[in-house]
Amino acid sequence: MAEKYMENARVISQEQIADGIYSIWLEAEQIAGSAAPGQFVSVYSRDKSRMLPRPISICEADRDQGRIRLVYRVAGAGTAEFSRCDAGDVLELLGPLGNGFPLERCPAGKKAMLIGGGIGIPPLVQLAAGLEGDVLTVVGYRDEQFLTEELSRRGSFFFATESGRAGTKGNVLDCIRENGLKADVIYACGPAPMLRALKAYAAENKIECWVSMEERMACGIGACLACVCRSKEIDGHSQVHNKRICKDGPVFRAEEIEI
Amino acid sequence: MSDMKVQIAGVELKNPVMTASGTFGSGMEYGELIDLSRLGAVVTKGVANVPWPGNPTPRIAETPSGMMNAIGLQNPGIETFCARDLPFLAQFDTKVIVNVCGRTTEDYCEVVERLGDEPADLLEINISCPNVRCGGISFGQDPSSVEAITREIKRHAKQPVIMKLSPNVTDITEIARAAEAGGADAVSLINTLTGMKIDVKRRTFALANRTGGVSGPAIHPIAVRMVWQTAQAVKIPIIGMGGIASAEDALEFILAGATAVSVGTANFRNPKTTLEVIDGIEKYLKEQGTKSVRELIGAVR
């Protein structure tokens, strides 16, 4: 089992990259050294009265420099506090957590479609860098675009906006259809309705599909059983068809779980 | 060296700090982050006679200085637990307290009996879970039913029995006396307080179960008060819990009458909380020139 580290991570820099979306680089040598694409970290509030860590996916891990990048949306008081951190501030982290995307499903000679929606987009950056096969990226924004430069580093990049401000008007599936995009395997991260639609799309088109799930978490390491999802197979922990998103996931084969 | 040892029903703990049931699994996950052998005891998540799937999600929400949960006692059932979790815990130099849940008296007795020859030092009986429709709290709110189920469980149990009490009652001392009358070797309190959170954006309940159990620092003073009241009412040892996040929080329980304490929600905030509480109590004993932690038990009357 991969090692988990508790690190006091110094903030290197932080910037707002879109409305309510922040990008923070943190010095976290051990986590950076072992993080795989699709894993996440628990970020603890500096306010001790906030009892639950915030699970945030890793956008980039720079092993050589010993730093990680998190891109997150301000959704409440905890993430609002993180967004006010400046260079030099310290945040407690636990990670890397979860299983991550199965990179071996897209070896050289195969083509992967990386699909992200909203705040599910950031982990695709590290995923694209880690895959040996060809990469094609499709993302959906509400309105404002972010991480476009990072997502264009490998293969072709397509996007949709709900508002129609740029790219395809609509969602990621509209974008896939409009551009006639095809691949051997899908890796997706985003809101549940998007993942549900992709699961159906992949089944119809007989494409292997992996999805990264989200749920409210407490411990983040598989002890408290807060963040479960219904699974087709009997789960190893409780033997009741409830996989733990934080530990057995967050990435699952789409047909394996109820979305 | 300060003497940190305490005894509960003849079982000696190396220190009075244990984990609170449901927050720590069977220690496998937290065991990757801390040395379980440092703990006075590991209290496992509740186990029933058969696997339970628990409640729909969302199962948790953060609340001011705390959280609310309605996991619904998801557990693998006693057979998997005995084959996997108990052998895991047996590797560590710590006491093992198995928390037992059930829907009927027979369910509880079946689990308790199955544990008779297993490496469990103490049994903690959950008659106080607010998040399941049958069993749990329904046994724990009426003194006569508490006495009856305690007596029945004691008839089947080889190990000493701790009854875990609910704070969702008018007078917890009545319930504690009933457990004592039924033959309980100890009581642990408090379980979570029933609460509700509304998601105003979605205009619905924050938890799928609608209500959940509130835990964390927010409930600490309520728990200390209940432990103190119970300490005046019964002679059996008390395990105190509710919102412990520091050694000071734990010491309040001990001074109020608890022989041992459990750390729950704070494990989520800081996986090392139990160890920090142990170190902090030791430091306090040294600073105060107190030889043994046992001198503190119930010192505030």
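This is a predicted model: local features need pLDDT of at least 70, side-chain atom pairs count only at pLDDT 80 or more; totals for chains, interfaces and linings use all residues.
Select helix H4 (residues 143–156) of chain B together with H5(B): the two pack at an angle of about 30°, with axes 7 Å apart. Axes here are lines fitted to C-alpha atoms, for helices over the stretch in contact, and angles run from 0 to 180 degrees between N-to-C directions. H4(B) is therefore roughly parallel to H5(B) (angles under 35 degrees count as roughly parallel, over 145 as roughly antiparallel, 65 to 115 as roughly perpendicular and the rest as oblique).

Residues are numbered from 1 along each chain as its sequence is written, while chains are lettered from A and ligands numbered from 1 in the order in which they are written. Helices (H or I, at least four residues) and strands (E, at least two) are DSSP runs, numbered from the N terminus.

Now show the side chains between the two helices. Pro143(B), Ser144(B), Val146(B), Glu147(B) and Thr150(B) of H4(B) meet Glu174(B), Ile175(B), Ala178(B), Ala179(B) and Ala181(B) of H5(B). Contact means C-beta atoms, placed from the backbone, within 7 Å. This contact has 6 nonpolar, 2 polar and 2 charged residues (Ala, Val, Leu, Ile, Met, Phe, Trp, Tyr, Cys and Pro count as nonpolar, Asp, Glu, Lys and Arg as charged, and the others, Gly among them, as polar).

Next, select H6(B), residues 220–233. Its 14 residues reach 20 Å from first C-alpha to last, close to the 20 Å expected at 1.5 Å a residue; the expected span is 1.5 Å times one less than the number of residues. Among its buried residues are His220(B), Met226(B) and Trp228(B). Buried means 20 or more other C-beta atoms within 10 Å of the residue's own, exposed 12 or fewer, and partly exposed in between, with C-beta atoms placed from the backbone. The buried residues of H6(B) pack against H5 (172–181), E10 (186–189), E15 (238–241) and H7 (247–256) of chain B.

Ala247(B), Ala250(B) and Leu251(B) in H7(B) meet Val277(B), Gly280(B), Ile281(B) and Tyr284(B) in H9(B). By class, that contact holds 6 nonpolar, 1 polar and no charged residues.

Select Gly22(B), in the loop between E3 (17–19) and E4 (41–43) of chain B. Gly22(B) is buried, with 29 other C-beta atoms within 10 Å. Beyond residues up to four places away in sequence, Gly22(B) touches Lys45(B), Gly46(B) and Ile71(B).

Two peptide bonds come next. Thr57(B) and Pro58(B) are joined by a cis bond with omega about -5°; Pro58(B) is in the loop between E4 and E5 of chain B. The bond from Leu189(B) to Ile190(B) is also cis, with omega near 10°.

Show both chains. Here 32 residues of chain B are in contact with 24 residues of chain A. On chain B, E5 (60–63), E6 (66–69) and H8 (266–269) each give two or more residues to this side.

Finish in chain A. Leu225(A) is not a glycine, yet has a positive phi of about 65°. Leu225(A) is buried, with 27 other C-beta atoms within 10 Å.
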